[in-house]
Structures are given as C-alpha cells and as structure tokens.
Amino acid sequence: MKKRIIIAAIALAAGASALSAQSRKAVRLNEVMVENNSSIVDDYGVRTGWIELFNANFAPVEISSMFLSNDSTQPRMYPVPLGDVNTRIHKRQHVVFFTDGEPNKGTFHTNFVLTPGQDNWIGLYDADGSLIDEVLIPASVEADQTFARATDGDGDWAVRTGEEDAYITPSSANVIKDRNSRVEMFAEKDENGFGMTIMAMCVVFSALLTLCLCFYAIGAIGKRISRSNKIKSTGDDHKDREVRAATTHDSGEEIAAIVMALHEHFNAHDTESTILTINKVKRAYSPWSSKIYGLRELPGHNRH
Amino acid sequence: MSFGEFLLNNLRQFWELTGFANAEFGNFVMLAVGLFFIWLAIKKNFEPMLLVPIGFGILIGNVPFNTTAGLEIGIYEEGSVLNILYNGVSAGWYPPLIFLGIGAMTDFSALIANPKLMLIGAAAQFGIFGAYMVALLLGFSPDQAGAIAIIGGADGPTAIFLSSKLAPNLMGAIAVSAYSYMALVPVIQPPLMRLFTTKKERLIRMKPARAVSQNEKIIFPIVGMLLTCFVVPSGLPLLGMLFFGNLLRECGVTTRLAKTASNALTDIVTILLGLTVGASTQASQFLTPQTIFIFFLGFMAFIIASSSGVLFVKLFNLVLPKEKKINPLIGNAGVSAVPMSARISNNLGLEYDPSNYLLMHAMGPNVAGVIGSAVAAGVLLGFLV
C-alpha cells in the first residue's frame with residue numbers, strides 16, 4: 001500500500017514539474033530597447049535599455065531561477081532572483097528588465113548592458129540551462145527605437161519607431177486591442193444573424209447526429225453480442241432460434257414478468273441499490289422476551 | 001458641542017446609513033418583484049427550488065444602503081460576503097457544478113434506446129438562434145445578442161455561464177429571465193403544442209423503448225463527452241461535467257459520489273446560485289430598458305424553441321415508417337427545462353389518451369436538449385470570444 005502511495009506521489013510530482021517546466025517554455029522575449037533616451041525610467045528615475053518578457057500561457061508563470069544573457073557562451077549570465085513575488089507573471093502579461101548592469105538595484109536590473117551601434121544577442125534560458133527563446137537585435141536599431149514581435153509572444157521581429165502602427169509598448173501588449181474583432185466582423189458581415197444561425201445549427205445538428213449514429217452502432221453491436229451470448233448459453237445455434245431471437249421484441253411488460261418470475265424463483269435481486277427486499281423474520285416465542293409482560297397496564301376508564 | 005447635539009449628530013449619521021434614507025423607487029419595484037417570485041413559488045408551486053432562492057436573493061440585493069460608506073456588504077463590493085459567493089456566478093464555476101449534479105441524476109436510457117430523439121433536442125436549439133436574429137434586429141451587438149439568445153436553451157446554468165463570458169453586464173437580467181421562463185414553461189408550452197398538432201397526432205402511441213444494457217450506459221457518457229467536446233471544445237466545462245456526473249451514476253462503483261453530486265452538492269450550489277443571481281439584480285443595475293428587451297427576447301426564444309421542437313417532429317414523421325412515428329407532443333421537451341417540459345408532454349398526452357404515457361419518450365429529447373444547448377453555448381463562445 002505504502003509503495004503504491006509513494007509511486008503515486010512520485011508520478012504526481014513528476015507531472016507537476018513537467019507542467020511547470022512546460023509553462024515556463026512559453027515565456028517569450030517580446031520587445032527590446034537598446035538605447036533609451038526618452039522611454040520609460042526605472043524605479044530610480046534612470047533611463048536605460050530594457051528587455052520585455054511575455055507570459056504566453058493562460059496561467060501564471062514563476063520566472064525566478066530562469067536566466068537572461070547577452071552572451072551565448074555564458075547562458076547563466078543573469079539569474080532571475082528567488083524570493084520576489086513580482087517574478088510571478090500573470091497569464092498573458094509582461095515584465096520589464098532594465099539592462100543597466102547594476103543587479104544590486106533590484107530583481108529587475110540585469111548584470112549586463114546592451115551596447116548601441118552593434119548587434120546584440122539576447123537569450124532566455126530555463127533553470128536547467130536549456131534555451132527557451134533568443135533574438136538578435138540588429139545594429140541598425142537606433143536610440144529610442146525598439147525591436148519587437150508583431151504580436152505578443154508571436155510573429156516576426158521588426159523595428160518600432162514609436163510612430164502610428166509601430167508603437168513602443170513597454171509592459172503592455174504589442175498590439176493594443178480596444179475592440180473584439182470577431183464581434184465586429186459578425187456585426188459587419190452578418191447583420192441579420194442568418195450566417196450565425198446556419199453555421200451554429202449545422203454544428204449542433206452534426207454533433208448530435210454523430211452521437212446518434214454512434215449509439216445506433218453501439219446498440220447494434222450490443223444486441224449482437226447479447227444474442228450470441230444467449231445462443232452460447234443455451235447451446236442451441238439453430239438458425240431458426242437465431243432468426244426468432246432477432247425478430248422477437250421484448251416488451252416492458254414481458255421483461256417485468258420475467259424479472260418477477262426470476263426473483264420469485266431465486267429470491268435474488270440485481271445490482272439496483274433501491275430494491276426492497278422483504279424477508280420473514282422468525283423468532284421463537286419466549287415469555288422472557290415478550291414485550292407484553294414488560295408493559296404496565298394502562299389505568300382503565302370506568303365506562304359504566 | 002452640547003450633549004444634545006452630540007446625540008442628534010450620531011442619530012443623523014445612523015439615519016443616513018439606514019435603508020429608509022437610501023431607498024429609491026427602483027428598490028421598491030425590485031422588492032415587489034422578489035415578493036412576486038416567492039409568491040409564485042409557494043402559492044403556485046412554480047419551480048420553488050429556483051424561485052424561492054432567487055426571490056429572496058432579489059430582496060437581499062435590493063435592501064438599500066449607503067454605497068459610499070464602504071460597508072462591504074453589497075454584492076458588487078469587492079471583499080463582501082455576497083461578492084465572494086457571487087464569484088461562482090461571475091467566474092462561471094457554479095454552472096458546471098450544477099451540470100455535474102444533472103449528469104448524476106439523469107438516466108439517459110431513453111436517449112440511448114432511441115438515439116434519433118437526439119435530433120429533436122438539436123432542432124429545439126433553433127430557439128436560441130431565432131432569438132439571436134431578433135436581438136440583432138433590436139440593436140444589440142452580436143456578443144450581447146448571443147448572451148441573451150441562450151435563454152432559448154431553457155437551461156439556467158448554461159445561460160449564466162455564457163452570459164458571464166459574453167455580456168457580464170447583462171447577466172443578472174438574463175439569469176432571472178431564463179429561470180422565470182423555465183418556471184413558466186407549464187403556461188407557455190401547452191397552447192403552442194395544441195396549436196401545432198392535430199388530434200390524430202396527439203394520439204400517436206410510441207413503442208416502448210428497448211432495455212439498455214449497463215455497458216451501453218457506461219459507454220454513453222464517455223463517447224458523448226469525447227464526441228461533443230471534440231466538435232465544440234468550448235463546451236468542455238459544461239459537457240465535461242455533465243457526462244462525468246453521468247459516468248459516476250452509471251459505472252456502478254461510485255454510488256456514494258453520484259449520490260453526493262446529485263443531492264448534497266447540487267442542493268448547495270442551487271442555493272448559492274439562486275441566491276446570488278437574485279441578489280445581483282440591484283435596481284440600479286437591473287431596472288434598465290435593456291432588461292425589458294431581454295425579457296421580451298427570452299419569451300420569444302422560448303416560443304421559437306418549443307415550436308421548432310414540435311414542428312421538427314411533424315417533419316420527421318413524414319420520413320418515418322408508420323410503426324415508428326413519434327408523438328409530436330414530445331417535441332416541446334427538446335428545450336431543456338429538465339424535467340418540467342417532459343412532464344408537460346406526458347400530461348398533455350394523458351389529457352387526450354389516459355393510457356398514453358409519454359414521459360420516458362419525452363425524457364430523450366429533454367436530455368438531448370441539455371446536450372444541445374451546451375453545444376450551442378460552446379458554438380457561440382467559439383464564434384464570439
């Protein structure tokens with residue numbers, strides 16, 4: 001028993017760690033600024049380059065003990081410190097690291113700097129040193145420009161200048177969604193709802209029709225199996241019996257009558273939990289156990 | 001400040017915190033609605049399990065209080081007890097728990113024995129999309145229209161689940177409307193059933209369903225969940241729990257779990273769901289012109305759903321052999337409203353032929369309606385989120 005519990009616990013722990021590792025694999029480098037003259041300031045009021053990470057999961061991810069590096073030969077360059085509640089990134093949210101080379105300023109200050117005017121490689125590693133994501137920032141990215149993904153955690157990298165459709169978006173979504181495009185599409189293309197009705201009714205009908213056909217098939221297989229069992233148990237494989245078995249319909253009344261007869265004959269019942277079983281209980285009579293002698297006679301009423 | 005002024009000041013402050021000082025006309029309207037629901041439940045026996053908690057919830061939600069005092073008592077004030085209980089509605093985890101209970105208490109035998117009845121459950125979902133089109137005509141946006149239209153599924157938990165995702169601001173009105181019309185099914189459906197059927201059709205006798213083996217009953221929730229959820233993964237929370245509850249019931253080795261899911265758990269969640277849905281109808285949020293439209297659309301949805309179920313059976317009968325014809329009186333049961341609409345089929349059938357029991361036949365489309373409305377909710381969620 002103990003062995004089983006230990007095996008189950010190990011399996012659970014392995015599953016949990018696999019899940020955790022899997023969720024960390026979905027953290028992405030999302031936007032990078034090499035030289036910062038007019039963008040955001042850190043908590044000391046200083047402007048430096050920054051790296052934005054994005055949690056592409058629909059669940060929170062703990063990024064402590066992961067590594068950031070600007071040198072592929074040193075993957076464990078900057079370990080994200082343990083013990084900071086802010087290293088837990090909420091689902092589909094961002095976090096910014098300042099590349100000021102001053103890790104003593106806090107969790108979100110790396111121990112390396114990005115160098116303007118040259119290519120900068122950045123890598124994100126898991127705790128075991130495996131590479132999760134990497135990007136090469138070209139030297140052509142100028143001051144106050146960023147190199148960012150087209151959409152959060154996905155799409156091609158491109159230079160963003162801060163102009164319209166190329167916003168610089170530290171700690172926020174690379175594409176700002178202020179409306180539900182699907183709803184807008186339905187409002188525009190399907191004004192009266194015919195399209196939705198046709199599509200949705202097709203899906204509902206096909207789902208239930210598939211289920212229906214499936215259960216016709218299962219029912220047919222079940223009938224065939226029970227028929228062959230019946231023939232096997234009676235030892236009679238005569239064709240007439242088979243044909244009769246296939247064509248005979250058991251009505252509810254017949255089934256009830258058979259069940260009652262079996263019940264009477266074997267005094268047995270099936271696996272239903274609600275069956276009422278009545279058994280006669282015989283007890284030998286003894287005046288010592290008789291209730292009647294233990295009762296006091298009620299005071300009689302004089303009815304004269 | 002004299003002692004007298006001190007007393008007066010405190011009494012004035014206390015008065016400002018009372019319900020009398022903060023009452024508005026809307027509060028009294030909603031209190032009257034709450035009392036009406038309780039009256040319907042107790043005196044008319046209309047879905048008392050739902051209308052008593054909802055009615056009392058409306059009373060709780062509409063006791064006026066000073067919202068600027070930071071008392072943390074209102075259902076929309078973060079951290080209040082009611083707000084914590086309301087999380088099950090707003091985050092949508094009460095409805096799947098109710099579905100677990102429904103699965104654990106539903107016998108799908110009628111459906112397994114006669115799978116073609118599933119199509120009636122599918123046809124009745126036209127009520128949802130009919131109401132969707134009318135809602136668009138009235139100027140609602142597609143996501144709001146979808147949330148309102150799901151009232152036609154006649155399934156409270158599904159309506160709450162979908163509206164919490166598509167139009168959280170309309171959820172209170174949608175939930176109250178859905179439950180109100182479910183309670184009014186005995187009033188809404190019979191006239192429609194009479195209108196669309198002939199006397200000859202109402203007398204159709206259906207063959208008794210074949211006996212279903214336990215293996216089939218066990219296979220049903222597993223295959224049902226996999227098939228429907230592969231088609232509509234967004235229906236997973238509702239359909240997954242529905243079929244899981246049914247597996248607990250049918251597998252024969254988890255009787256205790258099935259009993260808990262179908263009794264204690266369902267009762268607890270029903271109490272919390274009903275009460276918090278009722279309490280969410282604060283007059284300031286609830287008494288808007290939109291609510292009137294929502295009630296109108298809900299009514300339309302019920303009428304379309306019930307009618308399309310009955311009419312589909314008539315259409316279906318055209319292609320069925322004579323001995324396999326379906327009594328169209330079970331068509332109304334394609335809208336969920338379990339088991340009320342199936343009981344109506346049975347009662348109406350008995351009215352025309354005192355020995356024609358339709359209950360078990362009607363349970364087929366009835367539970368297919370539950371599956372169908374969950375699939376429809378998944379489709380709307382998939383298209384509009």
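Into which domains is chain B divided? This predicted model has domain 1 (1-65) and domain 2 (88-384) in chain B. The legends below take the views in turn.

**View 1. Chain B is divided into two parts, domain 1 (1-65) and domain 2 (88-384).** The C-alpha centres of domain 1 and domain 2 of chain B lie 34 Å apart. Domain 1 of chain B brings 21 residues to the contact, and domain 2 of chain B brings 20 residues.

**View 2. Helices H3 (25-43) and H4 (48-61) of chain B each supply at least two residues of the side of domain 1 that touches domain 2 of chain B.** H4(B) gives the most to this side, with eleven residues. By class, this side of domain 1 of chain B has twelve nonpolar residues, seven polar residues and two charged residues.

**View 3. Chain A and chain B meet in a contact that takes 35 residues from chain A and 39 residues from chain B.** Five helices of chain B give two or more residues each to the side that touches chain A: H8 (118-123), H9, H10 (142-149), H15 (214-231) and H21 (359-384). H21(B) provides the largest share of that side, nine residues. The side of chain B that touches chain A divides into 26 nonpolar, ten polar and three charged residues.

**View 4. Helix H3 (residues 194-234) of chain A packs with helix H9 (residues 126-137) of chain B.** Their axes are 9 Å apart, at an angle of about 165°. H3(A) is therefore roughly antiparallel to H9(B), because angles over 145 degrees count as such. H3(A) passes H9(B) in a right-handed crossing.

**View 5. Residues of H3(A) meet residues of H9(B).** Which residues of H3(A) take part? They are A:Met196, A:Thr197, A:Ala200 and A:Met201. From H9(B) come B:Phe126, B:Phe129, B:Tyr132 and B:Met133. The residues of this contact of H3(A) with H9(B) divide into seven nonpolar, one polar and no charged.

**View 6. The predictor's confidence is given for chain B and for the complex.** Chain B has a mean pLDDT of 90. In chain B, 100% of the residues reach 70 or more. For the complex, the predictor gives an ipTM of 0.84 and a pTM of 0.72. Where pLDDT is low, predicted coordinates should not be read in detail.

Terms used
Residues numbered from 1 in each chain as written. Chains lettered and ligands numbered in written order. Predicted model: local features only at pLDDT ≥ 70, side-chain atom pairs only at ≥ 80, totals over all residues. Axes fitted to C-alpha atoms, helices over the stretch in contact; angles between N-to-C directions. Helix = DSSP H or I, 4+ residues; strand = E, 2+ residues; numbered from the N terminus. Parallel < 35°, antiparallel > 145°, perpendicular 65-115°, else oblique. Left-handed = near helix turned anticlockwise from the far one by under 90°. Contact = placed C-beta atoms within 7 Å. Nonpolar A, V, L, I, M, F, W, Y, C, P; charged D, E, K, R; others polar. pLDDT = per-residue confidence, 0-100. Domains from an automatic or database assignment.
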